[in-house]
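Please look over the sequence and the three-dimensional structure below.

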Amino acid sequence: MTPEERFVFDLQGYLVIKGVLSPAEVAELNAVADERFAPQPGEDTADRRTFGVVHWGEPVKRLIDHPGIVPYLVELLGPKFRLDHDYCIFMTRGERLGKLHGGHWAAPDHWYRYQDGVMRNGLSVVTFFISGAADGDGGFACIPGSHKSNRLGDLPEEVRAFDSPRPYVVQPAVEAGDALFFTEALIHGTMRWTASHERRALLFKYSPGHSAWWQPYYDLDSLRPLTAQQERILSPPSVGGRPDVVATG
């Protein structure tokens, strides 16, 4: 991470990482999604999501330890991080999902800490965008800086529900191939999707190596072949005996 990225993440609680995926990777992931997650006849396509997209095959499994995100995971969660769970969100025009939620008061593993120059987070999310979201398109939205707020309970319900716009609620613009890292200590949600194209986002949620949010844990046998590093990242939580992940690229 650059010094500016450290400043921005500490300030905002999220960071847009530009161009993590190449155009070829974006095209490959969209092709896999078209094959493995095609709408069924008569299915409502307004809001589609499914868990376990790592089972879609090698192009998605490569996201587990993509070199474009590993350095951020190492610095912001520590070198013993693990993948907790994964899923996708596909949306068509007019659909609105969850209201603003999260925050460091929401669950024991939703936290952000800064001590002696080191940033650490509990459950955190890397969202890979395989379609873009321009300003005003909707999708991911958040309240920057709320990961450090002491007055989260004072947020009006109409703001949480996106029924009353406020300038402090933002929807970051992203392009296909970008990734967005955010801590679950950040107040975040999903705005109504207004673009003509389908929103396509793959969400990989990571935890420090000793903690877990989601169960059951990954069945490694069902995902093999895996690299040694991927097996380590997919392993159940453990206090000791968990090797580091080395940040490269």
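Where is the place of Phe162? Phe162 is found in the loop between helix 5 (157-160) and strand 9, where helices (H or I, at least four residues) and strands (E, at least two) are DSSP runs numbered from the N terminus. This is a predicted model, in which local features need pLDDT of at least 70 and side-chain atom pairs count only at pLDDT 80 or more, whereas totals for chains, interfaces and linings use all residues. Residues are numbered from 1 along each chain as its sequence is written, and side-chain values use heavy atoms, with hydrogens and water left out.

**Overall form**

The chain has 6 helices and 11 strands, and its C-alpha atoms fill a box of roughly 50 × 50 × 35 Å along the principal axes. The radius of gyration, which is taken over C-alpha atoms, is 18 Å, and this agrees with the value near 18 Å that a compact globule of 249 residues would have; the globule rule is 2.2 Å times the number of residues to the power 0.38. Of the 249 residues, 52% count as buried, where buried means under 20% relative accessible area, exposed means over 50%, and partly exposed lies in between (1.4 Å probe, protein chains only).

**Cores**

In soluble globular proteins, nonpolar side chains tend to be buried together. A nonpolar core is here a set of buried Ala, Val, Leu, Ile, Met, Phe, Trp, Tyr and Cys residues joined through side-chain atoms within 4.5 Å. The largest such core has 46 residues, of which Trp56, Leu83, Phe128, Leu202, Phe204 and Tyr206 touch the most other members. Among the elements that give two or more residues to this core are strand 1 (14-17), helix 2 (23-36), strand 3 (82-91), strand 11 (199-207) and helix 4 (70-77), and helix 4 gives the most, with 6 residues. A second, separate core of 18 residues includes Tyr14, Leu97, Cys142 and Leu180.

**An open sheet**

Two strands pair if DSSP finds at least two bridges between them, and strand 8 and strand 10 (residues 187-191) pair in the antiparallel sense over 4 bridges. They are part of an open sheet of 3 strands in the order 4-10-8, with antiparallel pairing; its edge strands, strand 4 (101-102) and strand 8 (139-142), each pair on one side only.

**Pockets and cavities**

On a 1 Å grid over the protein atoms alone, a cavity is a set of points where a 1.4 Å probe fits but cannot get out, a pocket is an open set with protein on both sides within 12 Å along at least five of seven lines, and lining residues have an atom within 4 Å of a point. Grid points are joined across faces, edges and corners, and a volume is the space filled by probe spheres set on the points.

| Space | Volume |
|---|---|
| Largest pocket | about 360 Å³ |
| Second largest pocket | about 210 Å³ |
| Largest cavity | about 70 Å³ |
| Second largest cavity | about 50 Å³ |

Of the 23 residues that line the largest pocket, Tyr87, His101, His188, Leu203 and Lys205 are the closest to its centre, and the lining divides into 10 nonpolar, 9 polar and 4 charged residues. In these classes, Ala, Val, Leu, Ile, Met, Phe, Trp, Tyr, Cys and Pro count as nonpolar, Asp, Glu, Lys and Arg as charged, and the others, Gly among them, as polar. The second largest pocket is lined by 14 residues, and the closest to its centre are Phe162, Pro165, Val169, Met191 and Arg192.

The largest cavity has 13 lining residues, with Phe129, Ala133, Gly138, Phe140 and Val174 closest to its centre. The second largest cavity is lined by residues including Leu21, Glu25 and His66, and helix 2 gives the most to this lining, with 3 residues.

**Backbone details**

Phe162 has a positive phi of about 60 degrees although it is not a glycine, and Phe162 counts as buried because its relative accessibility is 16%. Asp116 likewise has a positive phi, of about 55 degrees, without being a glycine, but Asp116 counts as exposed because its relative accessibility is 72%. A cis peptide bond joins Gln215 and Pro216, with omega about 5 degrees, and the peptide bond from Arg224 to Pro225 is cis with omega near 10 degrees. Pro216 is in the loop between strand 11 and helix 6, and Pro225 lies in the loop between strand 11 and helix 6.
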